[in-house]
Amino acid sequence: MKKLLYILLFIPFIGCGDFLDEVDQDKLVPEKTDHYAALLLYEFNYNYPIFTTVNHMTDNVVENALAYSSKKEFAKTTYTWQREIEIDEDGNTLSTINTSWEEMYEDIAIANYVIELIDDAIGTQEEIDYVKGEAYFIRALSYFNLLNLYGQPYAESTASVELGVPIRDDIGVEVTYSRNTVQECYDFIEKDIEKAIELITSSQLEKSIWHPTVEACYLFMSRVKLYQEKWDECISWSEKVIQLKKMSKMYDNRVFLDEDNTEILYSYHNTNPAFSTSSYYVANKELISMFEDKDVRKSLFFTEVDNGTGTTYFTVNKYTTSYTSVGYTNFRLVEAYLNRAEAYAQKGETDNALIDIKVIHEYRYSSTADIEYPTESSAVLNYVLDERRKEFCFEDHHRWFDLRRIQNRPEIKHVYTLVSDDGTKLGTETYTLLSNDYNYTLPIPLEERENNPLIRNNERYEKIPEVDNEIIIP
């Protein structure tokens, strides 16, 4: 957490990109509310610190078996869920693999800075309230992501003792600190969202989609309640959003996400897509097969590519201008329907769950005729979870976080084909992520462990592959 320790001495008040042209960027030291707003926009929205290989750990991704090993090795430690993801097979340290901890705590430090100092800024009380509310929202989302990457998955019976992540809510500098419990982290996140709602509401300001709205806060709270299996509260918060916003119809060969899309509650993540559209790692055909032909998402989300040998693979369009002209990641109304549908299904209210799914289908399918819906309770829940997997594939941290929290996680197998740079296949390695695997929780970064002897690391397994019998290592 080195940047967290020094961020207050060297906060980067610098130019913020074209999409920040709504604010004054001339000042190096924040004095006005606009300056604080610009700082938040640049540090969080523009450089949203997603865990860059999060999709490689999921069942949505497989390797391209023809790709050279030298091209795939950048993500091998996460694709194969290694115990130490920052150290490769040769003992080299990978400096770019596990940076989200440092980057998210940098955002938290900046949010703390804004929360503590914004009251003295030059500007109206309305602007002060809004920017402060935005800082609370950003801090809450940063902690939510940290918790679901580096903290233990939530379980009501153990949340008060299992380890989450360290909570910092001030601008002081501490060299050593310990981890809070999972429940303490969720309680802190909820309080920050409540504060964001209070302040953004009191400001009575409406801003662009690059700023969180009250509806985005409601949606975020429904997600937090869903992850804690508080089904009734999840339903209640989801309904607040559904009552205020409208879904948008998806059409084939038309950009779906733009500034006029009524589904968008908050748009962010404008650089460094969460999943590259390269041919080294590609979309799992099992995922592709879940989309019916009349499901417009199939053609908008994916492109089928011939690999030159008579077989095909699928690349992801979600980070291209054919799908979005705004951010790569968005709070969207559809999540409220999915959160509520899952909560209903968990409660055994299958009819209500399917009503929400049918609403989504009206806006995602070219035709809803002849769709067959399940009726049995467990089948309805699985159907809802599959719908969530389809809608949010390759978006933010959704699939990995969902896998961590759901009951009866699937066992995931990833094959890694060893291919030399001349195209010779040397063999295959098969790695398995078990349903109850410790490796669903990331290790605390090496540098953090070295700098802070009080931090407790997460227990993880060594991953030994099943090796093809014909493998030849030159």
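A: **Asn60 and its surroundings**

Beyond four places in sequence, Asn60 touches Val282, Ala283, Asn284, Leu287, Arg389, Cys393, Phe394 and Arg399. Keep in mind that the model is predicted. Where does Asn60 sit in the chain? Asn60 is in the loop that joins helix 2 (33-46) to strand 1 (61-63). Is Asn60 buried or exposed? The relative accessible area of Asn60 is 0%, so Asn60 counts as buried. The cut-off for buried is under 20%.

Arg389, one of the residues that touch Asn60, belongs to helix 14, where Arg389 takes part in a contact with helix 15. Arg399 also touches Asn60, and Arg399 sits on the helix 15 side of that contact. Phe394 is another partner of Asn60. Phe394 follows helix 14 and has a positive phi, near 65°.

Now look at helix 14 itself. Helix 14 has 16 residues, and at 1.5 Å a residue these should span 22 Å. The end C-alpha atoms are 23 Å apart, so the span agrees with that expectation. Which residues of helix 14 are buried? They include Val380, Leu381, Tyr383, Val384 and Leu385. Glu387, Arg388, Arg389, Lys390, Glu391 and Phe392 are buried too. An α-helix has 3.6 residues a turn, so residues three or four places apart point the same way.

Next comes the packing of the pair. Two packed helices are described by the angle between their axes and the distance between the axes. The axes of helix 14 (residues 377-392) and helix 15 (residues 398-405) come within 9 Å and cross at roughly 155°. The two helices are therefore roughly antiparallel. Helix 14 brings Arg388, Arg389 and Phe392 to the meeting, and helix 15 brings His398, Arg399, Asp402 and Arg405. By class, this contact of helix 14 with helix 15 holds one nonpolar, one polar and five charged residues.

Helix 8 (residues 214-227) and helix 9 (residues 231-242) have axes that come within 8 Å and cross at roughly 160°. Helix 8 and helix 9 are therefore roughly antiparallel to each other. Their crossing is left-handed. From helix 8, the contact uses Glu215, Tyr218, Leu219, Met221, Ser222, Lys225 and Leu226. From helix 9, the contact uses Trp231, Glu233, Cys234, Trp237, Ser238, Lys240 and Val241. The residues of this contact between helix 8 and helix 9 divide into eight nonpolar, two polar and four charged.

Glu459 is in the loop between helix 16 (446-451) and strand 9 (466-467). With a relative accessible area of 55%, Glu459 is exposed. Glu362 is part of helix 13 (residues 350-364). Glu362 has 45% relative accessibility, so Glu362 counts as partly exposed. Apart from neighbours within four places in sequence, Glu362 contacts Lys249 and Thr368.

To sum up, return to the starting point. Asn60 is buried, and its partners include Arg389 and Arg399. Those two arginines are among the residues through which helix 14 and helix 15 meet.

Notes
Residues numbered from 1 in each chain as written. Predicted model: local features only at pLDDT ≥ 70, side-chain atom pairs only at ≥ 80, totals over all residues. Heavy atoms only, no water. Axes fitted to C-alpha atoms, helices over the stretch in contact; angles between N-to-C directions. Helix = DSSP H or I, 4+ residues; strand = E, 2+ residues; numbered from the N terminus. Parallel < 35°, antiparallel > 145°, perpendicular 65-115°, else oblique. Left-handed = near helix turned anticlockwise from the far one by under 90°. Contact = heavy atoms within 4.5 Å. Nonpolar A, V, L, I, M, F, W, Y, C, P; charged D, E, K, R; others polar. Buried < 20%, exposed > 50% of the residue type's maximum accessible area, 1.4 Å probe, protein only. Expected span 1.5 Å × (residues − 1).
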